[in-house]
Amino acid sequence: MTDNNDAKASLETVSDAVFRRLRQDIILGILPPGSKIKLEKARERYSISISSLREILSRLSAENLVLAEGQRGFEVSPVSQRELEELADLRILLECRAIELSFAAGDLEWEGTIVAAHHRLKTVEQKLLAGDTLQTAEWVRFDWEFHLAIVAACNSAVLVQSLSSVFDRFLRYHMLAKNFRGQGVVDDHKRLFEYALEKNVDAAKDMIKRHVLNGANHILATPMFIQESPEVDQARRG
């Protein structure tokens, strides 16, 4: 019985690792919007069984990162201006509510976590501003860790989980745009950091609204949308 349970736990760990890797490949644009996910090739790439792969793709489908096409298999979800705007609105709603709860409950340890998270993010952003594009993957991680640190005291796992999913889907557009927003996003994070330590709820919520909307507008001004890439055009016509 113990051996069977250990084997099952090991399998679940492998599945979770592949889930995270495949999800990251979609968010980072390694698997582009509209691309077919061929099960046999994916099985070889991620070293997992077809049955486990189907389960993982179904989980990603629940997050709207993958489309299940019945007997035709799976494809990476397309992108569109409408979805980007909806994700921006939803992120603002969730993050602002999480800020309200977190600022009310945050303690000294919470403040210390924010200080450390902002230091890591600022360090990477300075390297990006200097032209080191190899830091992009690190920036993705530290950006989320900073925003997470600010809302970490909200005491709602459901809220944080929902925000995490929307945050990543919004981030996918940034990665596809392949254009770091520059000094503007650095300044936004600095102000948000200061408002968090001050526990200035109204200023932080206003900063989040501007931060997210500026990000969305920046993406819409990139060639990905201006030149109507095939996946964007297909999504809009669909």
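Residues are numbered from 1 along each chain as its sequence is written. Since the model is predicted, local features need pLDDT of at least 70 and side-chain atom pairs count only at pLDDT 80 or more, while totals for chains, interfaces and linings use all residues.

Axes are lines fitted to C-alpha atoms over the stretch in contact, and angles run from 0 to 180 degrees between N-to-C directions.

| Pair | Angle | Axis distance |
|---|---|---|
| α2 (residues 39–46) and α3 (residues 50–62) | about 100° | 10 Å |
| α4 (residues 81–105) and α9 (residues 201–220) | about 160° | 9 Å |

So α2 and α3 sit roughly perpendicular to each other (65 to 115 degrees), whereas α4 and α9 are roughly antiparallel (over 145 degrees).

Who touches whom (contact means heavy atoms within 4.5 Å)? From α2, Leu39, Glu40, Ala42 and Arg43 meet Ile50, Leu53, Arg54 and Leu57 of α3. In the α4 and α9 pair, the α4 residues in contact include Leu84, Ile92 and Phe103, and those of α9 include Val201, Ile208 and Leu220.

Now the sheet: three strands make an open, antiparallel sheet, ordered β1-β3-β2, where pairing takes at least two DSSP bridges. β1 (36–37) and β2 (66–68) are at the edges with a single partner strand each, so one side of each has no neighbour in the sheet. Three bridges link β2 to β3 (residues 74–76), and alanine 68 stands opposite phenylalanine 74 in β3.

Methods: Side-chain values use heavy atoms; hydrogens and water are left out. Helices (H or I, at least four residues) and strands (E, at least two) are DSSP runs, numbered from the N terminus. Angles under 35 degrees count as roughly parallel, over 145 as roughly antiparallel, 65 to 115 as roughly perpendicular and the rest as oblique. Contact means heavy atoms within 4.5 Å.
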